[in-house]
Amino acid sequence: MAYFHSKDPLIEIAHSLDLGKLCFVHKHKGEVVFLATDDPAMLDDEGLADLDWVEDNPNSFIRLERPNSKTAFRNMQKFIETFADESQKNELYEMLRGPRPFFNFNQAMKKAKKGAAWEAFRISAIREYVEQVLQEAEVILPLKPLDE
């Protein structure tokens, strides 16, 4: 089970999904399980216990997925709209039309010293996505921090 370090569990879920972790939320208890993988050979005892819990109760959990690349692309477009400078906006939109848009966009954000702002925007967008998915699945929000 997860132990939240943040006051907002949805932010932690967003960070975990962004890092490629698997995330399961118990629909009725609001408890969250993070796993690095679903390969039992790669998990420690705690991870195995969590995986068993999820697998033994498949109808009780919702699996959260990282937003797809189309959603991530739209988030980049939304972030560009926060810029005041029209020429900078146009340059960034042109970059999105070219090859390797994700890599080039991230590099441009670092170069423009907007990396932290982009990271905060992106995680906030993933958080909103997670909240929407959980609401649609009728998971009672807010999620409760788990006891240690």
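Two residues are in contact when heavy atoms of one and the other lie within 4.5 Å. The exercises below use this term. The model is predicted.

**Exercise 1. The overall layout**

Task: State how many helices and strands the protein has, and in which order the elements run.

Solution: 
- Step 1. The count is six helices and three strands.
- Step 2. Starting from the N terminus, the order reads α-β-β-α-β-α-α-α-α.
- Step 3. Along the principal axes, the C-alpha atoms fill a box of roughly 55 × 30 × 25 Å.
- Step 4. Of the 148 residues in the protein, 38% are buried.
- Step 5. Take the contacts between residues at least 6 apart in sequence: 62% of them join residues at least 24 apart.

**Exercise 2. Helix α1 and what covers it**

Task: Find which residues of α1 are buried and what covers them.

Solution: 
- Step 1. Helix α1 takes in residues 9-18, and eight of its ten residues are buried, so the helix is mostly covered.
- Step 2. The buried residues are Pro9, Leu10, Glu12, Ile13, Ala14, Ser16, Leu17 and Asp18.
- Step 3. Their cover includes the strands β1 (22-26), β2 (32-35) and β3 (61-64), together with helix α6.
- Step 4. Take Ser16 as an example from this helix. Its relative accessibility is 9%, and the limit for buried is under 20%, so Ser16 counts as buried.
- Step 5. With neighbours within four places in sequence left aside, Ser16 is in contact with Lys21 and Phe34.
- Step 6. Now look at the two ends. Just after the helix, Gly20 has a positive phi of about 90 degrees.

**Exercise 3. Length and faces of helix α2**

Task: Work out what span the twelve residues of α2 should have, and which of its residues are buried.

Solution: 
- Step 1. The expected span is 1.5 Å times one less than the number of residues. For the twelve residues of α2 (residues 45-56) this gives 16 Å.
- Step 2. Gly47, Asp50, Leu51 and Val54 are the buried residues of α2. Viewed down the helix axis, they fall within an arc of 100 degrees, so they line one face of α2.
- Step 3. The spacing can be understood from helix geometry: with 3.6 residues a turn, residues three or four places apart point the same way.
- Step 4. The cover over the buried residues of α2 includes β1, β2 and β3. On the other side of this helix, Asp45 and Asp56 are exposed.
- Step 5. At the start of α2, a side-chain oxygen of Asp44 comes within 3.3 Å of the backbone nitrogen of Glu46.

**Exercise 4. The two sides of helix α5**

Task: Name the residues of α5 that are buried and those that are exposed on the face turned away from them.

Solution: 
- Step 1. Helix α5 covers residues 101-111, and its buried residues are Pro101, Phe105, Ala108 and Met109.
- Step 2. Down the axis of α5 these residues fall within an arc of 100 degrees, so they line one face of the helix.
- Step 3. The face turned away from the buried side carries the exposed residues Lys110 and Lys111.
- Step 4. Elements that cover the buried residues of α5 include α3, α4 (86-97) and α6.
- Step 5. After α5 comes Lys113, with a positive phi near 60 degrees.

**Exercise 5. Aromatic rings**

Task: Classify the ring pair of Phe79 and Phe83 and that of Phe79 and Trp118.

Solution: 
- Step 1. The structure holds eight aromatic pairs. In one of them, Phe79 and Phe83 have ring centres 5.4 Å apart and planes at 90 degrees; planes over 60 degrees apart count as edge-to-face, so this pair is edge-to-face.
- Step 2. For Phe79 and Trp118 the centres are 5.3 Å apart and the planes stand at 50 degrees, so the pair is tilted.
- Step 3. Phe79 belongs to helix α3 (residues 69-80) and Trp118 to helix α6 (residues 115-136), so the pair ties together parts that are 39 residues apart in sequence.
- Step 4. Phe79 is buried at 5% relative accessible area, Phe83 is buried at 7%, and Trp118 is buried at 5%.
- Step 5. One aromatic cluster is formed by Phe79, Phe83, Phe105, Trp118 and Phe121.
- Step 6. Charged side chains also lie over rings. Lys114 is over the face of Phe83, 5.3 Å from the ring centre, and Arg100 is over the face of Phe103, 4.3 Å from the ring centre.

Methods
Residues numbered from 1 in each chain as written. Predicted model: local features only at pLDDT ≥ 70, side-chain atom pairs only at ≥ 80, totals over all residues. Heavy atoms only, no water. Phe/Tyr/Trp six-rings, centres within 6.5 Å; stacked < 30°, edge-to-face > 60°. Buried < 20%, exposed > 50% of the residue type's maximum accessible area, 1.4 Å probe, protein only. Helix = DSSP H or I, 4+ residues; strand = E, 2+ residues; numbered from the N terminus. Lys NZ or Arg CZ within 6 Å of the ring centre and 35° of its normal. Arc of directions from axis to C-beta. Polar contact = N/O pair within 3.5 Å; in protein donor to acceptor, adjacent residues only side chain to side chain.
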